[in-house]
Amino acid sequence: MKIFCIGRNYAKHAQEMGNGVPDEPIIFMKPKSALVQGHTPFYYPEFTNELNFEAELVVRISKNGKYIQEKHASNYYNAISVGIDFTARDIQQQLKEKGLPWEKAKAFDNSAAVGKFVDITPALNKKNINFSLLKNKELVQKVNSSEMIFSIDQIVSNISNFFSINIGDLIYTGTPAGVGECIVGDVFEGFLENDQVLSLEIK
C-alpha cells in the first residue's frame with residue numbers, strides 16, 4: 001500500500017504558505033507506517049515543536065493501473081474520505097533551508113490520519129464536494145472540491161504516469177487554506193458535507 005500526497009492544490013493555500021501556484025501536480029509520498037491505524041492513539045511527536053494539521057480529501061484506489069488517461073481515471077477509485085496530513089513545520093523549514101528532502105517533516109510514523117471511507121456513487125459530484133475540519137469544535141478549514149487546481153481524475157492520471165497505482169493505495173489530494181498548529185489535547189473532526197467521517201485527539 002502506498003500513500004500519495006499532492007501539494008499546493010488550492011491556490012489560497014499556496015498563497016498562505018508563500019508559494020506559487022503549480023502548473024502540474026506536486027507529488028510526494030508517505031510510507032505505509034505513516035498511516036494512523038484505527039483505534040490507535042495519535043501521540044505528539046517528540047522531535048517537533050510545531051506540528052501542523054492539513055485537512056484533505058482522500059481517495060482510495062480500487063483497481064491496479066498505469067498510464068491512465070484522465071477520461072478513464074474515475075474507474076480506478078471507489079471511495080472518498082477526509083484525512084489529515086500532519087507536518088512537522090519546524091523540521092520542514094530546517095530542511096528547506098538546507099535544500100534537503102522533507103521526509104522527516106512529512107512522512108514520519110502516524111503522519112497520515114484518515115477517516116471512514118464513503119463509497120463513491122453516480123449521484124456524487126466529485127467536483128462539488130464540501131469538506132471541513134473542526135478543531136476543538138471550531139471550524140478551521142472548509143472548502144469545496146471545485147476549488148482544486150487539479151481535479152481527482154487529473155491527479156490519478158498524472159500519478160499513474162510515474163508510478164503504478166494498486167488496490168488499497170491512498171491519494172491525499174491537497175489541503176485548502178487554514179492550516180495551523182496543534183497541541184496536546186486538541187480534538188479534530190473531519191466532515192464530508194454534513195457527515196462526520198474523522199475524529200482524532202492529539203495525546
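**Cysteines, salt bridges, strands and pockets**

Me: How many disulfides does the count come to?
Reply: A disulfide is taken as a pair of cysteine sulfur atoms within 2.5 Å. By this rule the count comes to zero.

Me: What kind of model is this?
Reply: Residues are numbered from 1 along each chain as its sequence is written, and side-chain values use heavy atoms, with hydrogens and water left out. Local features need pLDDT of at least 70, side-chain atom pairs count only at pLDDT 80 or more, and totals for chains, interfaces and linings use all residues, for the model is predicted.

Me: Is Cys182 buried or exposed?
Reply: Buried means under 20% relative accessible area, exposed over 50%, and partly exposed in between, with a 1.4 Å probe and protein chains only. Cys5 has 0% relative accessibility and counts as buried. Cys182 is also at 0%, so Cys182 counts as buried.

Me: How many salt bridges does the structure hold?
Reply: A salt bridge needs a side-chain nitrogen of Lys or Arg within 4 Å of a carboxyl oxygen of Asp or Glu. With that cut-off, the number of salt bridges in the structure is nine.

Me: How many residues apart are Glu54 and Arg89?
Reply: Glu54 and Arg89 form a salt bridge, and their closest N and O atoms are 2.7 Å apart. Helices (H or I, at least four residues) and strands (E, at least two) are DSSP runs numbered from the N terminus. Glu54 lies in the loop between β3 (51-53) and β4 (55-61) and Arg89 in helix α2, so the pair links distant parts of the chain, and the separation in residues is 35.

Me: What relative accessible area does Arg89 have?
Reply: Glu54 is buried, with a relative accessible area of 4%. Arg89 is buried too, and its value is 11%.

Me: Which residue forms a salt bridge with Asp85?
Reply: Asp85 is in strand β5 (residues 77-85), and its partner sits 21 residues away in helix α3. The closest N and O atoms are 2.9 Å apart, and the partner is Lys106.

Me: How far apart are the closest N and O atoms of Lys135 and Asp186?
Reply: Lys135 is in strand β9 (residues 130-135), while Asp186 is in the loop between β12 (180-181) and β13 (187-192), 51 residues apart. Asp186 is buried, with a relative accessible area of 5%. Lys135 and Asp186 form a salt bridge whose closest N and O atoms are apart by 3.8 Å.

Me: How many bridges join β13 to β14?
Reply: Two strands pair if DSSP finds at least two bridges between them. β9 and β13 run antiparallel and are joined by five bridges, with Leu133 having Gly190 as its bridge partner in β13. β13 and β14 also run antiparallel, and the number of bridges joining them is six.

Me: Which residue takes a positive phi in the hairpin of β13 and β14?
Reply: Leu192 stands opposite Asp195 in β14. The hairpin has two residues between the strands, and the residue with a positive phi near 55° is Glu193.

Me: What volume does the largest pocket have?
Reply: On a 1 Å grid over the protein atoms alone, a cavity is a set of points where a 1.4 Å probe fits but cannot get out, while a pocket is an open set with protein on both sides within 12 Å along at least five of seven lines; lining residues have an atom within 4 Å of a point. Grid points are joined across faces, edges and corners, and a volume is the space filled by probe spheres set on the points. For the largest pocket the volume is about 460 Å³.

Me: Which residues are the closest to the centre of the largest pocket?
Reply: The lining of this pocket has 23 residues. β1 (3-7), β2 (26-30), α2 (89-98) and α3 (103-106) are the elements that give two or more residues to it. The closest to the centre are Gly7, Phe28, Gln92, Trp102 and Lys106.

Me: Which element gives the most to the lining of the second largest pocket?
Reply: The second largest pocket has a volume of about 290 Å³. Its lining has 19 residues, and Val36, Gln37, Gly38, His39 and Val114 lie nearest its centre. Two elements give two or more residues, β7 (112-114) and β14 (195-201). The one that gives the most, with five residues, is β14.
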